[in-house]
Amino acid sequence: MAKPILEVNDLRVSFKMYAGEVQAVRGVSFTLNKGEVLAIVGESGCGKSVTAQTIMRLNPTPPSIIKEGSSILFDGKHEITKLTNSQMEHVRGEEMGMIFQDPMTSLNPTMTIGAQISEGIRKHQKVKKVEALLRASDLLALVGISNPHERLHQYPHELSGGMRQRVMIAIALACNPKLLIADEPTTALDVTIQAQIIDLLRDIQKKTETSIIIITHDLGVVAEIAQRVLVMYAGRVVEQGYLDEIFYNPQHPYTWGLLRSVPRLDSDTKSALVSIPGTPPDLFAPPKGCAFAARCPYAMKVCTEIDPGHFRVSDTHSSACWLLHEDAPNVERPIEAGGRTHG
Amino acid sequence: MEAISKEKFQPAEKTANVEAIVRPSVTYWQDAWRRLKKNRMAMAGLIVLIILAGFAIFAPMFSSHDYKTQVLKDTFLKPSSAHWFGTDQLGRDLWVRVWWGVRISLFIGLAAAAIDLVVGVLYGGISAYFGGRVDDIMQRILEIIYAIPLLLLAILFIVFMGPGISSIIIAYAISGWVTMARLVRGQMLLLKEQEFVLAARTLGARPARIILRHLVPNVLGLIIVQLTYVVPTAIFFEAFLSFVGVGIRPPMASLGKLISEGAQVMRYQPHLLLYPTILFSLILLSFNLLGDGLRDALDPKMRK
Amino acid sequence: MLKYAVRRIIYMIITLWVIVTATFFLMKLLPGNPFANASAKLPPEALAIIIQQYGLDQPEWKQYLKYVVNITQGDFGVSYQYPTRTVAEVISKSFQASLELGLESLFLAIIVGLTLGTVAALKHNKLGDYSAMFVALVGISIPSFVVGPLLSLYVGVKAGWLPPGLWDGPEHRIMPAIALSFGTIAILARMMRASMLEVSSMDYIKTAKSKGLSTTAVVRNHMVRNAILPVVTILGPIAVNVITGTLVVERIFAVPGLGAQFVESIYSNDYTMITGLTLFYASILVVVMFVTDIVYGLVDPRIRVAGRR
């Protein structure tokens, strides 16, 4: 049995605004095992990026606050929510690395690539500048950049978007972190480059056995790389399970909606792409029942009144939906939601 | 899990207001005004300015003295009930002269703002709206004017034209509007490329409609903010010119002139320096506070 | 980069030409001739000689050409007031004090202004921010011709800590430099603060933090470095500020520099001196603007390497 590298328990994060508190993350719990790739999916504003950045403690406080009772246990020994800033500096970069969405803006425009990669190495491994640069050049080779020696002296604007994202990956990997968090690493890239970056991440994962959390709204990316999937909606996890469980046996109407909104080639019905009508709730005042109830075609009275909690589907699969209650009526799932039912 | 009655599992009636917006919608200007009101420093600036303007208008009217009558037996009087701010080297009442100075300063500030509004906005707007070759030529001209040191040229201009309010305003008009023109052009160019303008154009809106409904309201905030900075700049401009000796023609007094005269006798008559200095700094401070507040209030990027 | 520099040089020359031409026509605007007042006392033959000497009997285009040629050779003419002194002599004699004062206060302003702005941004919306920004606001609202007399009066005359004027030892440098740098400090502090705040919300700052760098390292290597870039662009206008400021500050503290000379010539209507000094100042400013443009091109790798525009 694999050991967990990260255990998140009842994580709640809010942002203080002049008009009140935006509850961006409202009680998220999950576990990530060593060497595993976990995908967090959901539409924009569902709290997936906030969750990721909270794990690295990158959200500025204030305005963001981690609520009392939240716990993020890393590598069985670091309680992230309790670490001091200087302790956190040793976790960041050394044990966790992060890749951001937009490679055009996430590199410092006035610093050479080499300096940006070696910076973290020099800080954590206390090596000389030359040595750090050599290591940086190895890293560039690892992420598939040709002429790594020359690239070290170049500035970000001299590289293409895909190359810059490779550099970002090199920065994140600089100190062999145990956990890599990729926050929408492909969203800002061209489709062909997206595939290359995902391939690269998968290769690296195999070579280094790093655990990866990948945040995305692209189910194609999820299918390519993830072993487990966490579906988030309005600051909560609505469904989680292994890839197959989520893709072939989804239980939550929101997951059905997500899956139906993906275009596919093998679709035998000539149905048009389906979108989920409506918009997510305002997190200034989240609804007291299920947050998805207002948009859910199967909503029952109970949904708007009481929060469903998690229903177990299997040991590894759970869903926060009242439809799984024994008293709930059987609803016929939209056929496409079952994924490739005959495949 | 506690028992939940079975009827709760009936389908919920769909309410009509599923997508009702929870927060009340506010227009851009309401929102800006609300934010400005919350900014205490900016409101203080606004109130001080209103009070100062009131005094500048009424104080000289309700005083038994005027700004030019010299009473040579009453030179260098200290502040008293007869002369609230004392008198100067020619026995003129400083209270009245100071408020006259505020009048002139504010007048010059407003005149400069008007010039900026007309010349700067038109120049920038035309340059951005037509674009291409027109924009190119207009920009080159602007770059050259921008590089000319305004203050120096103004001194030269007034030396040769003779001092006075109109000379000062003309001197300002030569190149004071350049910053405004640059700002307006930049903002217009940015807006021109944006989706909502493109959308309006696709829907067949006429240019006049695009300018009035889409471009102007979005540039207006920027223009207002810039104007609140133009006023103190022009006031400073006048005071500076008066201080180096090319400002207002005596016996008329501007704040710059009063400060300059006060500085010469400050050792023995500090009150002649102090009062104009305080009022002058207060005007500049208030305008800057108001300008900062307006900028924060009108900047849509800050909208939350 | 070379193309960029050539473009800037062309602009610089055009600007200087516009200024020279403007001053020439302003001179022509004067009613009669510049010796109208003095001519009453002069015998007509002497006046004719002077007019000939100054080339005033020539057609205007010839006068204009001569004027431009003279100026490019550094010959700004002779003082109307003291016919024995040329403008060039006056400049070479009093420029040193002005340059020294200008550089000292520029140095002071950059150090204090950037520090103040950085501190304000790091303590955003806290006490440090408010106090630094209040200082800056006061600095903008109270110009040097107000600070100068007040300093001279209270620190110089009343408290007697520093000499209230003149230009002898190092102790004479302090108050003029402070008075002159006051407004500049404020502008720099505000600019630096805004720039720092903008940079601090950039993605690459998150990247830097995610590497586990200490706050100091993030601020020093990533924030300040990028935040200073836009500040370089206003060094031109800043220099304008300082140089025009010398006009009043030198007068207030009786510094024997160009500025004091300039104001004196205004009071005595010494037209050639005024025009000559204006041209001199203007060319310094235009050159400074040019230099800052080039410096900006050098410090920003995006311009340096791309070499376009």
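Predicted model: local features only at pLDDT ≥ 70, side-chain atom pairs only at ≥ 80, totals over all residues.
Visitor: Which domain does the UniProt annotation place on residues 95–296 of chain C?
Guide: The span is 84% helix and 0% strand, and its end C-alpha atoms lie 27 Å apart. The name comes from an unreviewed UniProt entry; positions follow the numbering used here, feature names are shortened, and annotations may be inferred rather than shown by experiment. The record calls this domain "ABC transmembrane type-1".

Visitor: Where is the kink in α5(C) centred?
Guide: Helix α5 of chain C runs over residues 87–122 and reaches 49 Å from its first C-alpha to its last. That is close to the expected 52 Å, which is 1.5 Å times one less than the number of residues. The kink is about 45 degrees, taken as the angle between axes fitted to the seven residues ending at a residue and the seven starting there.

Visitor: At what angle do α5(C) and α6(C) pack?
Guide: The crossing is left-handed, meaning that the near helix is turned anticlockwise from the far one by less than a right angle (clockwise would be right-handed). Residues in contact, with C-beta atoms placed from the backbone within 7 Å, include Leu116(C) of α5(C) and Ala132(C) of α6(C). The contact has 7 nonpolar, 1 polar and 1 charged residue (Ala, Val, Leu, Ile, Met, Phe, Trp, Tyr, Cys and Pro are nonpolar, Asp, Glu, Lys and Arg charged, and the others, Gly among them, polar). With axes as lines fitted to C-alpha atoms over the stretch in contact, and angles from 0 to 180 degrees between N-to-C directions, the axes are 7 Å apart and the angle is about 145 degrees.

Visitor: Which helix gives the largest share of the side of chain C that touches chain B?
Guide: Here 36 residues of chain C are in contact with 33 residues of chain B. Helices supplying at least two residues each to that side of chain C include α6, α7 and α13. By class, the side has 30 nonpolar, 6 polar and no charged residues. The largest share, 9 residues, comes from α1(C).

Visitor: Is the crossing of α3(B) and α7(B) left-handed or right-handed?
Guide: The axes of α3 (residues 94–130) and α7 (residues 178–192) of chain B come within 7 Å and cross at roughly 35 degrees. Gly124(B) of α3(B) and Leu183(B) of α7(B) are among the residues making the contact, which has 10 nonpolar, 4 polar and 4 charged residues. The crossing is right-handed.

Visitor: How far apart are the end C-alpha atoms of residues 273–294 of chain B?
Guide: Residues 273–294 are one of the stretches of chain B that the unreviewed UniProt entry annotates as "transmembrane region". This span is 100% helix and 0% strand, and its end C-alpha atoms are separated by 32 Å.

Terms used: Residues numbered from 1 in each chain as written. Chains lettered and ligands numbered in written order. Helix = DSSP H or I, 4+ residues; strand = E, 2+ residues; numbered from the N terminus. Contact = placed C-beta atoms within 7 Å.
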